[in-house]
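Subject: Two-chain model, handover and findings

Hi,

Here is the structure I promised to pass on. Please open it alongside this note.

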Amino acid sequence: MRDVRMGRRVFLGVVGAGVAGLFAGSRLSRAASPIGSVVPNALHDLVPDGWRIYSVNPPWPRFDPATYRLTVAGAVENQLSLTWDEVMALPQDTQTTDFHCVTGWTVGNVHWTGVRLQHLWDMAKPTAEAKYANFISMEQPYVDTLSFKQTLLPQVMLGHSMDGQPLTRAHGAPMRLVIPEMYGYKNVKWLTRIDLVPTLNAGFWEQRGYDVDAWVGRSNGY
Amino acid sequence: MDAPTATEQTAYVRRFSPTERSLHWLLAGTFFAMLVTGLILYLPSLAQVAADRQLWKSIHLGAAIAFWGGTLLLLVSAPGELQRTARELDSFDEDDRRWLRWAVRRGGTEPPQGRFNAGQKLNSALIAGLMVVFTISGTLMYLQETDASFRGTSAILVHDVAMYVAVPIVLGHLYLALVHPSTRHSLRGMALGTVRRDWARRHHPKWEREL
């Protein structure tokens, strides 16, 4: 009878497949991302739907439509403090874009409804000093920043509805910054305040070594 | 069926050494600690219940360190012993290959097996490989957080897929060890070290003969 060293072949096969996956996986995960979008809504909370919920200071902020304000301040002629009804009365846009996380996961074809920042700037009238926008979360101390020009990219919006439903608490209710060209950490959740400022302030993750311009596929070592 | 005599029923033989059992229970304990904390970090519904990511992450990483630290300690404390076990698990003879075919088809009589049957050998090789994959991808995930040069690999995807492969294997293992009537006696061997001689003769005759 011939003995075969099969255990080590299986062992090495598993390890080899895993290591190969590390390098081939980003293509695979993009191919697999539509799987998440066919999961029925009722199941979204029970099974992984492609999203991972990250937060930095639990518990998650709670949205109260009665007391919520969206503040726009800093280098503006008119400081704004909008109630939730006033935000919803602004012109609304929709878009379907992919969401990429810097840790390597992607959710494809996310359907967003929200408000373009141009409508806020029309009301607040930024001054010449307004070179950067700090997006401040109700989850302290989370903040991230875009250049004023980046806030006007065509797919940037303040999203309050995702895949046809109001944004859930996990996803940053009532509203998050959506900038699909950049990784998720720029897409500030639980947004409550925007400060326009003359100089760049490092955002939460930028203070921890991540790139300021978090272009998908062209930053953070990708 | 060969009806065991009264003396055989009470006769026990040692199947697993204290070192082997320690390694098994170290893996079992740390695996489930990592599974539970990992699912909390992974599933949106659980993230809501337990939002303190830092705490779960620390337990998850702590369990991984405990697993490898403990494994190293066992390797050092009983030199050669686990290596001998690994050689035993590694080696598949003709009966093992026939046993695998038999296990798939469930036809005919069970080919005789040694101390480990071919399924147990396969299980240990798969789980050992998966633990290495978990460790490599998990280490990369940890490094990616603070160092951009480790980003760009699909560590998170590999870690997820490894979980989807490992969990059904472990559930099957639990079924055979806890539920299935003819195999669950083996739990005694892993818990106390010994199994009934008549059970060993039925399930692991090539090993039992040599005792």
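Below is what I found, taken topic by topic.

First, the ground rules. This is a predicted model, where local features need pLDDT of at least 70, side-chain atom pairs count only at pLDDT 80 or more, and totals for chains, interfaces and linings use all residues. Residues are numbered from 1 along each chain as its sequence is written, while chains are lettered from A and ligands numbered from 1 in the order in which they are written.

The interface

On chain B, 40 residues are in contact with 40 residues of chain A. Contact here means C-beta atoms, placed from the backbone, within 7 Å. Elements are DSSP runs numbered from the N terminus: helices are H or I with at least four residues, strands are E with at least two. On the chain B side, α3 (44–49), α5 (81–90), β2 (91–92), α7 (118–146) and α8 (155–179) each give two or more residues. α7(B) gives the most, with 13 residues. By class, this side of chain B has 22 nonpolar, eleven polar and seven charged residues. (Nonpolar covers Ala, Val, Leu, Ile, Met, Phe, Trp, Tyr, Cys and Pro; charged covers Asp, Glu, Lys and Arg; the others, Gly among them, are polar.)

A strand pairing also links the chains. β1(A), residues 4–5, pairs with β2(B) in the antiparallel sense over two bridges. Strands count as paired if DSSP finds at least two bridges between them. Arg5(A) has Ser91(B) as its bridge partner.

Cores

A nonpolar core is a set of buried Ala, Val, Leu, Ile, Met, Phe, Trp, Tyr and Cys residues joined through C-beta atoms within 7 Å. Buried means 20 or more other C-beta atoms within 10 Å of the residue's own; exposed means 12 or fewer, and partly exposed lies in between. The largest core has 49 residues, and Phe135(A), Leu158(A), Leu177(A) and Leu191(A) touch the most other members. Elements supplying at least two residues each include β6 (132–137), β8 (157–162) and β11 (191–197) of chain A. A second, separate core of 25 residues includes Val10(A), Leu22(A), Ala155(B) and Ile156(B).

Around β8(A)

Five of the six residues of β8(A) are buried. β8(A) runs antiparallel to β5(A), joined by four bridges. There, Trp112(A) stands opposite Met162(A). β8(A) also pairs with β10(A), antiparallel, over three bridges. Gly159(A) faces Arg176(A) in that strand. With β9(A), residues 165–166, β8(A) makes two antiparallel bridges. The hairpin of β8(A) and β9(A) has two residues between the strands, and Asp163(A) takes a positive phi near 50°.

The open sheet

Which strands make up the open sheet in chain A? There are five, in the order β3-β2-β11-β6-β7, with mixed pairing. β3 (80–83) and β7 of chain A stand at the edges with a single partner strand each, so one side of each has no neighbour in the sheet. Inside the sheet, six bridges join β6(A) to β11(A), which run antiparallel. Ser137(A) stands opposite Leu191(A).

A helix pair in chain B

α6(B), residues 94–105, packs against α7(B) at about 90°, with axes 8 Å apart. (Axes are lines fitted to C-alpha atoms, for helices over the stretch in contact; angles run from 0 to 180 degrees between N-to-C directions.) That makes the two helices roughly perpendicular, a label for 65 to 115 degrees; under 35 is roughly parallel, over 145 roughly antiparallel, and the rest oblique. Asp96(B), Trp99(B), Leu100(B) and Ala103(B) meet Ala118(B), Gly119(B) and Lys121(B).

Best wishes

Key:
Two residues are in contact if their C-beta atoms, placed from the backbone, lie within 7 Å.
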